[in-house]
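Good morning, everyone. Please have a look at the chain on the screen while I talk you through it.

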Amino acid sequence: MQISVARDVFQLAQVFTISRGSRTQAEVLTVEVVGNGARGVGECVPYARYGETLDSVTAQIEGFSGAWPDLPDALPAGAARNALDCAYWDHAAKKAGKRVWDLLSLPTPQPEITAYTLSLDTPEAMEQQAAKNAARPLLKIKLGTPDDMARLEAVRRGAPDVPIIVDANEGWTAEVYADLAPHLIRLGVQMVEQPLPAGQDEMLAEIARPLPVCADESCHDRASLPGLRGKYDMVNIKLDKTGGLTEALALKRQALAEGYGVMVGCMVGSSLAMAPATILAQGVAFTDLDGPLLLAEDRDQPLVFDEKGVHPPAAALWG
């Protein structure tokens, strides 16, 4: 089996901002696994929050010399292992002439309603973005500053009837969250993601959680689950955190068995990065696979998004 990795850049439709910074393009790594008459592909998004860079993840991928079953021992959960695992799944499907969900003995995936993300901005700009997207079935609002009340009010004015979830990206303190929580409920917010920094979230076990709190940066793979007990109600599963579809499916099963709700999320990447996650997203509480909707350009054979949600990939894209 020959493994290669390349860098690809996709321009965003507009500046995307969260509490940690802004970006105008998605820089991704595309992995190819070729051999035995088949070619598989996978994509990952190295994430600086987790100490990853394009160079460091490329080195991890190029340094891998084992076989597919060796991945969990050879590489930690993260972007490099994700791209390789998803490429191997695509290779296995292409070689067998079957879809990945058939190899997994899972039902054919159905479309899933996905959130559409409004990035952090001034209240006025966020109100305009909310109004522009008020017909969407679910909005995800990026927050994470001490001054978010005005932003919340503005988004609700712009989209008075749309269900909303909120992502603070570790940007609040326990005091800020406690002050905001009643207003989140008043404004119809259905869930809040990662209000406090990972590793500094013990207060979530001490303060009231009047609406579900979802672990994102605090949850990577199954090893994260013991540290979430009593603090979180849900987990956000992302392939770039788990290290691929294999661990993501295992994390979903265990999280559900332990009583957590499940959200399936993404980094800002192309349809190739989202494609495996459409399998993972089946039947979860919230799906946030809007990465391609934020791009000005995408892969050939991109995922289909319509009123039913995000559809599973065509075989020509992945799986």
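I will start with the whole chain, then go to the sheet, then to single residues.

A word on the source. This is a predicted model, in which local features need pLDDT of at least 70, side-chain atom pairs count only at pLDDT 80 or more, and totals for chains, interfaces and linings use all residues. Residues are numbered from 1 along each chain as its sequence is written, and side-chain values use heavy atoms, with hydrogens and water left out.

Now the overall picture. The chain has 10 helices and 13 strands. Both are DSSP runs, numbered from the N terminus: helices are H or I with at least four residues, strands are E with at least two. The radius of gyration is 19 Å, close to the 20 Å that the globule rule gives for 319 residues, so the chain is as compact as a globular protein of that length. That radius is taken over C-alpha atoms, and the rule is 2.2 Å times the number of residues to the power 0.38. Along its principal axes, the C-alpha trace spans about 60 × 40 × 35 Å.

How much of the chain is buried? Of the 319 residues, 55% are. Buried means under 20% relative accessible area, exposed means over 50%, and partly exposed is in between, with a 1.4 Å probe and protein chains only. The accessible surface comes to about 12,900 Å², and 50% of it belongs to carbon and sulfur atoms. Those areas come from the Shrake-Rupley method with a 1.4 Å probe; for residues, only the protein chains shown count as cover.

Next, contacts, meaning heavy atoms within 4.5 Å. Take those between residues at least 6 apart in sequence: 66% join residues at least 24 apart.

On to the sheet. Strands of a sheet pair through backbone hydrogen bonds, either parallel or antiparallel. Here, eight strands form an open sheet, and the pairing is parallel. The order is β4-β5-β6-β7-β8-β9-β10-β11. Which strands are at the edges? They are β4 (116–118) and β11, and each pairs on one side only. Pairing requires that DSSP finds at least two bridges between two strands.

Let's walk across. Strand β5, residues 139–142, runs parallel to β6 and is joined to β6 by four bridges. Isoleucine 141 has valine 166 in β6 as its bridge partner. Strand β6 covers residues 164–167, and both of its faces are covered. Ile164 and Val166 are buried on one side, Ile165 and Asp167 on the other.

Further along, β7 (residues 189–193) and β8 (residues 213–215) pair in the parallel sense over two bridges. Valine 192 stands opposite valine 213 in β8. Then comes β9, residues 234–237, joined by four bridges to β10, residues 261–264, again in parallel. Valine 235 pairs with valine 262 in β10. Finally, two parallel bridges link β10 to β11, residues 286–287. There, valine 264 has threonine 287 as its bridge partner.

Now some single residues. Alanine 159 sits in the loop between α6 (149–158) and β6. At 1% relative accessibility, alanine 159 counts as buried. Leaving aside neighbours within four places in sequence, alanine 159 is in contact with Ala130, Ala134 and Leu139. Glutamine 129 is 30 residues away along the chain, and the two C-alpha atoms are separated by 9.0 Å.

Threonine 278 lies in helix α10, residues 271–280. Why does threonine 278 count as buried? Because its relative accessibility is 4%. Beyond neighbours within four places in sequence, threonine 278 is in contact with several residues, including Pro109, Leu289 and His311.

Valine 176 is in helix α7 and counts as buried at 18% relative accessibility. Valine 176 and leucine 196 are 20 residues apart in sequence and 9.6 Å apart in space, C-alpha to C-alpha.

Serine 105 has a phi of about 60°, in the loop between α4 (100–103) and β4. Asparagine 169 has a phi of about 45°, in the loop between β6 and α7 (174–186). Are they buried or exposed? Serine 105 counts as exposed, at 66% relative accessibility, whereas asparagine 169 counts as buried, at 3%.
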